[in-house]
Number of protein chains: 6
Amino acid sequence: MSRGIFVGRFQPFHLGHIATIKFALEKVEELVIVIGSAQISHEMRNPFTAGERIQMIKDSLDAEQGIDIKRILMIPVPDVSYHPLWTYQLDIMVPRYQSVFSNDFFTRLLYKERGIEVIQPGLHRRNELSGTEIRSRMVRGRDWKDLVSTQTAKFVDDIHGIERIKAIFMKHSESSH
Amino acid sequence: MSRGIFVGRFQPFHLGHIATIKFALEKVEELVIVIGSAQISHEMRNPFTAGERIQMIKDSLDAEQGIDIKRILMIPVPDVSYHPLWTYQLDIMVPRYQSVFSNDFFTRLLYKERGIEVIQPGLHRRNELSGTEIRSRMVRGRDWKDLVSTQTAKFVDDIHGIERIKAIFMKHSESSH
Amino acid sequence: MSRGIFVGRFQPFHLGHIATIKFALEKVEELVIVIGSAQISHEMRNPFTAGERIQMIKDSLDAEQGIDIKRILMIPVPDVSYHPLWTYQLDIMVPRYQSVFSNDFFTRLLYKERGIEVIQPGLHRRNELSGTEIRSRMVRGRDWKDLVSTQTAKFVDDIHGIERIKAIFMKHSESSH
Amino acid sequence: MSRGIFVGRFQPFHLGHIATIKFALEKVEELVIVIGSAQISHEMRNPFTAGERIQMIKDSLDAEQGIDIKRILMIPVPDVSYHPLWTYQLDIMVPRYQSVFSNDFFTRLLYKERGIEVIQPGLHRRNELSGTEIRSRMVRGRDWKDLVSTQTAKFVDDIHGIERIKAIFMKHSESSH
Amino acid sequence: MSRGIFVGRFQPFHLGHIATIKFALEKVEELVIVIGSAQISHEMRNPFTAGERIQMIKDSLDAEQGIDIKRILMIPVPDVSYHPLWTYQLDIMVPRYQSVFSNDFFTRLLYKERGIEVIQPGLHRRNELSGTEIRSRMVRGRDWKDLVSTQTAKFVDDIHGIERIKAIFMKHSESSH
Amino acid sequence: MSRGIFVGRFQPFHLGHIATIKFALEKVEELVIVIGSAQISHEMRNPFTAGERIQMIKDSLDAEQGIDIKRILMIPVPDVSYHPLWTYQLDIMVPRYQSVFSNDFFTRLLYKERGIEVIQPGLHRRNELSGTEIRSRMVRGRDWKDLVSTQTAKFVDDIHGIERIKAIFMKHSESSH
């Protein structure tokens, strides 16, 4: 059986990720969604915990027609303190895999230095469909819900996620002075 | 929706675990299998990596008739350095849950101190169906395959697991002198 | 007996903190001063070690008329790597408490997410009585001693604290280029 | 002013420790009680959290006639991963001190290698007044309360400490097989 | 025998370092080159691994006429989480030494606070011969090879170092937005 | 150029190690002596710090006729928390190498699982020439000096090593009760 991994931080999980998952499922039989920086949350670039991110992904994919949830695993992986060990850490936290999908810079650089090719899924609507853009809209009170699934939007509301992000942002602005 | 977690180390995944999963799936709609001590491997009591354990579990459950894999998540969680933080670490690594199933001592003690009841699944054939017993048989060259699923047995063979365990055991015996 | 905790970094301990301590001692019988980020020192935002901060606090409170030192504990607590575990870490490092006083953003956010109210002491003379302002004055050679107790001022002199802060600042400016 | 530190693990705090504190207070003006291995709890040799140990000590000393609580500080200090850094970690977590009191092996060895003398308080009733003995009695259901202060005994009861220790012991015995 | 240490990060090893080594070898019989921040790589300010830096240094010094390689040791030392422990960490990772050479800010500040003088080698051609300047030239595609030894230049080429640095820089610029 | 690594803990450095180094230098042009478990010291199985071990090795090899010190590097490497990352950590802490020499169990197991052969040097006088045996003799006051070089023996005396080991052993025996 062929297995692939899709490495990201999913802060938050959005429509671009869903497109990538569909893309990957055409190429591999089983896909492991690796939730990177699993130990980090409550920060500007990483507002959500691993558990919250898994729940966003699970809720979204369960509702998605074209995706067979049985072909998907979700595995949170914490960062390593020695950068070049990151891909080897993936090897020991994840079942054996043959392909890697990722837009994450480090993941691509480090696999490349190991001589392993990383498939970089086409980023359509790249400007909008990025975690950075979505978090920025959340902070500024602009509309972000059309960039994520209904399930993610609902979940963020349920956990008062916007309140958390705004609080982190306010703190962050202060400290920069 | 009701969600439960089943906390164990799964060194290795065996028939007792499958019985517990079936038992738990009668009580909750979704079950998260928490692979504890995720960062440890290549030790007497923890020979297998998190990725290897996830693969054993996935292969076994895929083949199990009575289990709907769509209702199951598998999440590896590393130990925390401050013991009493363990259950709170589970809270942040796992989607929100309502019930806890575990035979693990620490997990039960710590949830109890938080005032949360842990469901201890009946251990049938307890003497045999334990990780300790199985690892002991592996080391001594006695038959262990009837205590695990066909898939786990095959996977352990594939990765030369018995060779690894025997090597660890030999080292371990030496150091004790 | 009622016990409260007052969480801060105390970089350095200043008159605003003393006001808060007096305010808190009106509401609780015993107050634990939690010295946060205890492991950090020799950085722009955290120049002083935990031991140095404890000494500033102890010296200042010993000299303060309106404060009964017997009702006060001082406990340094290091940061946790998983942010949401912070308040639980407090639970295990500190005797049982009923109230929380803090102006620290994270502490307030995380207790709030646990459903625990944090008392935010009124910040009088807020613009001046802040660690940021005091450290900034120290670096720029402007007068800072009227913002702290005589004892803190003396202690900072004793350990050549201004020299340290200026050295850190110079380094910091360099690296930003 | 002269300041001393008294380094121990206080698992649990007992009458021998109180004798040492009285002994030390005759030699120094201020005494810092360093609660070592602060990050460890829920283990055979370290059943109690730092917060619990601080509470035992505080309650006991408040009730002790001959001890002026104003002359005492209590500071929890976690272990360091590099053993020889331990005493230097004390230097940064504790206000400046001139004398060291300890029966702890490592503390004495490491200060000695730095050329600093450690005062080893006379251990009267040594066989009984040791943490090891008290924990052993707790596990075996024998009388331990006459080896600790009334306050420690009461506190251990309040937190169901015997239950915790027995549970840890049972687990421990199991794993040894 | 007199032994000195020369503490730096060597990102990358350049002609200024070689000058310092020659300078130090006139003052001490044996010199330990301490490769600081040994655990960090693949970052803007720290692109190279400890192993890569050691190889640059070894290759360069082997080719250098005026340097007797037998009088030199190279020891990588990872950062400590408590800043003030840094120099004590050096004490335990390095054979006993009598002199310290360093331009590193922290190393100098911390030794000074211990009362130990650090010899700051004259920085000739300081503007050019700095890691910051060299990394900046590497990123911008300007000439950097005349600031390092032939051996370092060749080694950076061999490991596709410029490609790595440019990739890290692009990532870094993105994240700043 | 061909480079090999020789991985051990060197607690302490003994005649068997010297034999291995000579053996390895016949096969490779440059040999890196990897001092494993570099962060551990002051323990029964690991009494000496990395710096002390490096000094033993350096002093011994400088005095050894048949060994060209210019062909040797000594690199201390701390353990990793995830066992299977150990050999990859070596890859990033050490210049590129082609051969591995080691009698260390884990090193051999893990390289083997990567498909890399480890050369196990013949252990002559194995019963005697082992760290375990030597430490045991040190503790029991039996003669150990003929199992190490004159330089190692002298160095252990200089740092009062036997005193340290006996102290650790006494502590260790106590705790086992």
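The following legends describe close-up views of a predicted model.

**Figure 1. Contact between chain E and chain F.** Chain F and chain E each contribute 20 residues to the contact. Helix 2 (50-63), strand 3 (72-76) and helix 3 (86-93) of chain F are the elements that give two or more residues to the side of chain F that touches chain E. Helix 2 of chain F supplies the largest share of that side, with five residues. By class, the residues on the side of chain F that touches chain E are 13 nonpolar, four polar and three charged.

**Figure 2. Symmetry relating chain E and chain F.** Chain F is superposed on chain E by a rotation of 180 degrees, with 0.0 Å of shift along the axis and an RMSD of 0.0 Å. The two copies are thus related as by a two-fold rotation axis. Of the interface residues of chain F, 100% are also interface residues in chain E, so the copies meet through the same surface.

**Figure 3. Contact and symmetry between chain B and chain C.** Six residues from chain C and six residues from chain B form the contact. On the side of chain C that touches chain B, five residues are nonpolar, one is polar and none is charged. Superposing chain C on chain B takes a rotation of 180 degrees with 0.0 Å of shift along its axis, and the RMSD is 0.0 Å. The C-alpha of C:Leu85 is the one in chain C nearest the axis, 3.5 Å from it. Because 100% of the interface residues of chain C are also interface residues in chain B, these copies meet through the same surface.

**Figure 4. Chain pairs without contact.** Chain A and chain D are joined by no contact, and their closest C-alpha atoms lie 15 Å apart. Chain C and chain F likewise do not touch, with their nearest C-alpha atoms 15 Å apart.

**Figure 5. Packing of helix 2 against helix 6 in chain C.** Two packed helices are described by the angle between their axes and the distance between the axes. Helix 2 (residues 50-63) and helix 6 (residues 150-158) of chain C pack at about 145 degrees, and their axes are 8 Å apart. The crossing of these two helices of chain C is right-handed. Helix 2 of chain C brings C:Gln55, C:Met56, C:Asp59, C:Ser60 and C:Ala63 to the contact, where they meet C:Gln151, C:Thr152 and C:Phe155 of helix 6 of chain C. The contact of helix 2 with helix 6 in chain C comprises three nonpolar, four polar and one charged residues.

**Figure 6. Packing of helix 2 against helix 6 in chain D.** In chain D, helix 2 (residues 50-63) packs on helix 6 (residues 150-158) at an angle of about 145 degrees, with 8 Å between the axes. Helix 2 of chain D passes helix 6 of chain D in a right-handed crossing. From helix 2 of chain D, the contact is made by D:Gln55, D:Met56, D:Asp59, D:Ser60 and D:Ala63, and from helix 6 of chain D by D:Gln151, D:Thr152 and D:Phe155. By class, three nonpolar, four polar and one charged residues take part in this contact in chain D.

Figure 7. An α-helix has 3.6 residues a turn, so residues three or four places apart point the same way. In chain C, the buried residues of helix 5 (residues 131-140) are C:Gly131, C:Ile134, C:Arg135 and C:Met138. Seen down the helix axis, these buried residues of chain C fall within an arc of 95 degrees, so they line one face of helix 5. In helix 5 (residues 131-140) of chain E, E:Gly131, E:Ile134, E:Arg135 and E:Met138 are buried. They cover an arc of only 95 degrees around the axis, which puts them on the same side of helix 5 of chain E. Helix 5 of chain E is followed by E:Gly141, with a positive phi near 75 degrees.

Figure 8. B:Leu73 belongs to strand 3 (residues 72-76) of chain B. B:Leu73 counts as buried because it has 20 C-beta neighbours inside 10 Å. Apart from neighbours within four places in sequence, B:Leu73 is in contact with A:Lys58, A:Met74, B:Val32 and B:Ile33. B:Leu73 and B:Thr87 are 14 residues apart in sequence, and their C-alpha atoms are 18 Å apart in space. In helix 3 (residues 86-93) of chain B, seven of the eight residues are buried. These buried residues of helix 3 of chain B are B:Trp86, B:Thr87, B:Tyr88, B:Gln89, B:Leu90, B:Ile92 and B:Met93.

Note on methods
Residues are numbered from 1 along each chain as its sequence is written. Chains are lettered from A and ligands numbered from 1 in the order in which they are written. This is a predicted model: local features need pLDDT of at least 70, side-chain atom pairs count only at pLDDT 80 or more; totals for chains, interfaces and linings use all residues. Copies are superposed by least squares on the C-alpha atoms of residues with pLDDT of at least 70 in both. Two residues are in contact if their C-beta atoms, placed from the backbone, lie within 7 Å. Axes are lines fitted to C-alpha atoms, for helices over the stretch in contact, and angles run from 0 to 180 degrees between N-to-C directions. Helices (H or I, at least four residues) and strands (E, at least two) are DSSP runs, numbered from the N terminus. A crossing is left-handed if the near helix is turned anticlockwise from the far one by less than a right angle, and right-handed if clockwise. Ala, Val, Leu, Ile, Met, Phe, Trp, Tyr, Cys and Pro count as nonpolar, Asp, Glu, Lys and Arg as charged, and the others, Gly among them, as polar. A residue is buried if 20 or more other C-beta atoms lie within 10 Å of its own, exposed if 12 or fewer, and partly exposed in between; C-beta atoms are placed from the backbone. The arc is that of the directions from the helix axis to the C-beta atoms.
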